[in-house]
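This report examines how the parts of one protein chain are held together. Please view the sequence and the model before reading on.

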Amino acid sequence: MSPGASLASPGVRLRAAREARGLSIEEVADRLRLNEALVLAMEEDRFGLLGAPVFARGHLRNYAALVGAPEREVLEAFEVGDVPEPTFLPALERTPVASSRTRWLWIAALLVLAVGVAGGALWWTMRS
């Protein structure tokens, strides 16, 4: 390993290993079952997009294993202090809106029930 390689960031190491194996970003994303944007984010050292540091480490470890990069060196080059806290969108409070099809199915079921009850009452009355 060259002296400059020991100073390389995790993304530089992963990209070099990927290119050495002749893999595209799409192939890596498919094999890791990740979005291509996340693979690119790892190669560009934008780890905040990967979630909490524990998830970032896991993604880096899996990527390194896939492309044959030394996992330990990749993880040692990963500095948790550079990872911003992940941001999450606030949960929206909303009530589910019933689709018009679902609404019509309920109306039809109630009508069938009403007709059945009325028919049963009429039959009971006629029988007595």
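Glu43 forms a salt bridge with Arg18, their closest N and O atoms being 2.5 Å apart; a salt bridge here is a side-chain nitrogen of Lys or Arg within 4 Å of a carboxyl oxygen of Asp or Glu. This pair links distant parts of the chain, with Glu43 in helix α3 and Arg18 in helix α1, 25 residues apart. The model is predicted, so local features need pLDDT of at least 70 and side-chain atom pairs count only at pLDDT 80 or more, whereas totals for chains, interfaces and linings use all residues. Residues are numbered from 1 along each chain as its sequence is written, and side-chain values use heavy atoms, with hydrogens and water left out.

Side chains of opposite charge can pair when their charged atoms come close. By the rule above, the count comes to 6 salt bridges. Glu43 also meets Arg15 in a salt bridge, at 3.0 Å from N to O. Because Glu43 lies in helix α3 and Arg15 in helix α1, this pair ties together parts that are 28 residues apart in sequence. Arg72 and Glu76 are separated by about one helical turn, because they are 4 residues apart in helix α5. Salt bridges that share partners join Arg15, Arg18, Glu19 and Glu43 into one network.

The table gives the accessibility of residues in these pairs. Buried means under 20% relative accessible area, exposed over 50%, and partly exposed in between (1.4 Å probe, protein chains only).

| Residue | Relative accessible area | Class |
|---|---|---|
| Glu43 | 3% | buried |
| Arg18 | 8% | buried |
| Arg15 | 29% | partly exposed |
| Glu76 | 52% | exposed |
| Arg72 | 64% | exposed |

The chain has 6 helices and 0 strands; helices (H or I, at least four residues) and strands (E, at least two) are DSSP runs, numbered from the N terminus. Buried residues make up 25% of the 128 residues in the chain.

Which residues touch the most other members of the largest nonpolar core? Of its 21 residues, they are Leu14, Val28, Val39, Leu60, Tyr63, Val67 and Ala69. Such a core is a set of buried Ala, Val, Leu, Ile, Met, Phe, Trp, Tyr and Cys residues joined through side-chain atoms within 4.5 Å. The elements giving two or more residues to this core are α1 (10–21), α2 (25–32), α3, α4 and α5, and α4 gives the most, with 5 residues. Leaving aside neighbours within four places in sequence, Val28 is in contact (heavy atoms within 4.5 Å) with Arg18, Leu23, Val39, Tyr63, Leu66 and Val67.

The structure also holds 2 aromatic pairs. Rings of Phe, Tyr and Trp (its six-membered ring) pair if their centres lie within 6.5 Å; planes under 30 degrees apart count as stacked, over 60 as edge-to-face and the rest as tilted. The rings of Phe47 and Phe78 have centres 5.1 Å apart and planes at 90 degrees, so this pair is edge-to-face. Phe47 is in the loop between α3 (36–43) and α4 (53–67), while Phe78 is in the loop between α5 (71–77) and α6, 31 residues apart. Phe47 is buried at 7% relative accessible area, and Phe78 is buried at 6%. The rings of Trp123 and Trp124 have centres 6.4 Å apart and planes at 55 degrees, so that pair is tilted. Trp123 and Trp124 are exposed.
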